[in-house]
Amino acid sequence: MSTAIVTGQPVPGSTLENDLGSLGFDVRVAADAAEAESLLAAVPADRRVALVDARFVGHPHALRLGLTDPRFPLAAVPGAVTAQPAARQQLTRAMARETSADGATPVEDPAPLGPGGAPVLAVDSLPDRVVAALDADGGAVHRPELGSLVAAVPADPQARNEVRQAVAAVDDEAVRLKSAVKSRDGFFTTFFISPYSRYIARWCARRGLTPNQVTTASLLTALIAAGCAATGTRGGFVAAGVLLIASFVLDCTDGQLARYALKYSTLGAWLDATFDRAKEYAYYAGLALGAARGGDDVWALALGAMILQTCRHVVDFSFNEANHDATANTSPTAALSDKLDSVGWTVWVRRMIVLPIGERWAMIAVLTAVTTPRITFYVLLAGCAFAATYTTAGRVLRSLTRKAERTDRAARALADLTDTGPLAATGAERLGRRSARHAFAAPLWAAVGAVVLLIDVSLRSFGNWQTVVGALVYVATSGRAVARSLKGPLDWLVPPVFRAAEYCTVLILAARAEVNGALPAAFGLVAAVAYHHYDTVYRIRGDAGAPPAWLVRAIGGHEGRTLLVTVLAVVLTAAQFTVALTVLAVAVALVVLVESIRFWVSAGAPAVHDEGEPA
């Protein structure tokens with residue numbers, strides 16, 4: 001249980017202690033700073049602790065935002081500060097400093113806002129002085145955006161009455177419900193899901209359900225939808241479409257529940273991110289199975305859709321990692337984009353044409369119910385191809401016109417996203433200083449290797465030994481691409497090029513085999529490898545680093561797997577190749593899943609929840 005230390009003389013009629021108790025705090029009262037310091041020292045080191053001025057007046061949700069968000073080690077609102085166990089020493093040092101100073105440190109925070117946004121006279125508040133001391137010591141104190149919510153320490157009875165009136169004038173629950181919805185979302189989600197899913201989130205919160213439970217329910221619903229699609233009947237397709245939308249409603253609800261109740265967790269962030277991909281790709285497989293029951297083989301289309309969608313995500317992730325902390329990060333293209341976003345209707349059009357998850361799932365659900373799996377995949381592939389072209393072209397233009405200095409962290413993240421194995425890494429080490437310094441060398445080498453490889457496997461018959469030559473060229477050029485730090489303007493293209501080369505090689509070779517089961521086995525292998533690549537992304541986004549080097553070596557890296565698959569296609573018969581793909585898919589899935597689950601269940605990585613809408 002968390003502990004809240006209320007400092008100063010109690011104020012008659014104050015509901016502060018009840019509000020803190022409703023937020024899960026065990027409330028202790030300290031008459032002065034010295035007693036507060038003693039109570040702070042007595043709180044067990046594994047507990048969250050908060051320091052709150054007894055004169056505090058404000059909305060309970062303002063206190064909730066300031067004192068209970070698990071994502072931030074230190075957080076504060078006017079009149080209150082909190083520290084999680086990881087930041088207890090910082091809070092203790094700041095408290096000792098203020099106690100020894102005997103209240104001499106001035107309040108440096110901006111004055112809290114009262115009715116109508118007018119500033120309230122700053123007073124000698126111990127929690128605010130502690131926050132000032134934390135700031136002076138370089139502590140990263142999170143201050144949540146309160147908007148119309150009130151949090152203040154009034155200076156006198158008149159100011160207190162005015163602040164109370166300001167509290168009464170704002171509906172705390174309405175603000176809480178509104179803030180449960182993402183500030184940036186797609187058109188379909190904003191206008192067709194969120195208006196009611198936020199109330200489902202509140203219903204779940206009042207019954208003690210957790211976001212992880214809702215996430216799991218969303219996954220199960222999507223898997224049932226995939227099962228319905230796999231029946232191959234019109235009734236099954238209709239049910240699948242309805243259940244897919246229901247799964248998406250729950251998918252929105254879990255994030256809204258996390259924001260409504262501030263129940264964020266490392267495990268929850270990982271589940272929410274990975275389950276989205278598992279749901280969509282399982283649904284593709286269900287459609288392919290359903291089509292097969294009707295005599296139509298669309299496994300190649302299903303695998304193509306998964307490859308295209310995964311490569312789109314890698315473009316998003318690589319571009320963001322390359323640029324989010326770059327200096328001088330401006331360009332005329334970015335300025336034009338910002339200008340377009342200032343016009344209402346263009347914002348929604350631009351969000352819709354990139355087919356974010358809401359629009360995409362709605363399209364898939366409707367097409368499943370009223371058409372055939374083949375038509376569904378054709379439309380999906382066309383829409384995603386257009387969206388990928390639009391977003392990638394825009395990002396290329398931004399990168400070419402942007403005078404940005406990329407950081408070592410960005411270069412390291414891009415290197416991790418490449419998923420380079422021992423073969424290419426050895427080549428990169430040998431090339432090292434001798435490799436080209438040209439700004440576009442890395443993406444050019446990656447593209448040359450990918451083109452040679454894909455042309456080779458496309459033009460050769462299954463089992464032709466010359467396909468191995470293309471794979472060896474790919475291994476060599478992959479080493480050249482990563483021989484130097486990835487700080488060039490277009491180096492963020494290297495990871496998606498590698499993804500496209502590896503996945504498409506598996507698709508083409510499985511299609512060339514022309515035996516039953518080859519494409520489903522290829523689907524399974526690409527799904528297992530894609531999971532590893534998504535897992536890498538979420539570790540990097542959580543500042544937890546890349547997967548361990550032994551894991552990348554164990555599964556060969558992108559170039560090692562590509563070479564292995566081409567060699568297997570040469571030395572095995574088509575039937576044996578299908579078995580080999582299946583065994584490889586199972587092996588990769590087991591290794592990456594076991595390590596991933598071990599990491600996310602036990603890791604202390606921050607709970608990084610996506611507040612935008614991925615493509």
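## Charges over rings

Arg176 lies over the face of Tyr260, 3.7 Å from the ring centre. Arg539 sits over the face of Phe599, at 4.1 Å from the ring centre. A charge counts as over a ring if NZ of Lys or CZ of Arg is within 6 Å of the ring centre and within 35 degrees of the ring normal.

This is a predicted model: local features need pLDDT of at least 70, side-chain atom pairs count only at pLDDT 80 or more, and totals for chains, interfaces and linings use all residues. Residues are numbered from 1 along each chain as its sequence is written, and side-chain values use heavy atoms, with hydrogens and water left out.

## Aromatic pairs

Rings of Phe, Tyr and Trp (its six-membered ring) pair if their centres lie within 6.5 Å; planes under 30 degrees apart are stacked, over 60 edge-to-face, the rest tilted. The count is 17 aromatic pairs. The rings of Phe317 and Tyr538 have centres 6.0 Å apart and planes at 70°, so this pair is edge-to-face. Phe317 is in helix 12 (residues 299–323) and Tyr538 in helix 22 (residues 518–541), 221 residues apart. Helices are DSSP runs (H or I, at least four residues), and strands are runs of E (at least two), numbered from the N terminus.

Phe317 is buried at 10% relative accessibility, and Tyr538 is buried at 12%. Buried means under 20% relative accessible area, exposed over 50%, partly exposed in between (1.4 Å probe, protein chains only).

## An aromatic cluster

Phe187, Phe188, Phe191, Phe192, Phe248, Trp348 and Trp361 form one aromatic cluster.
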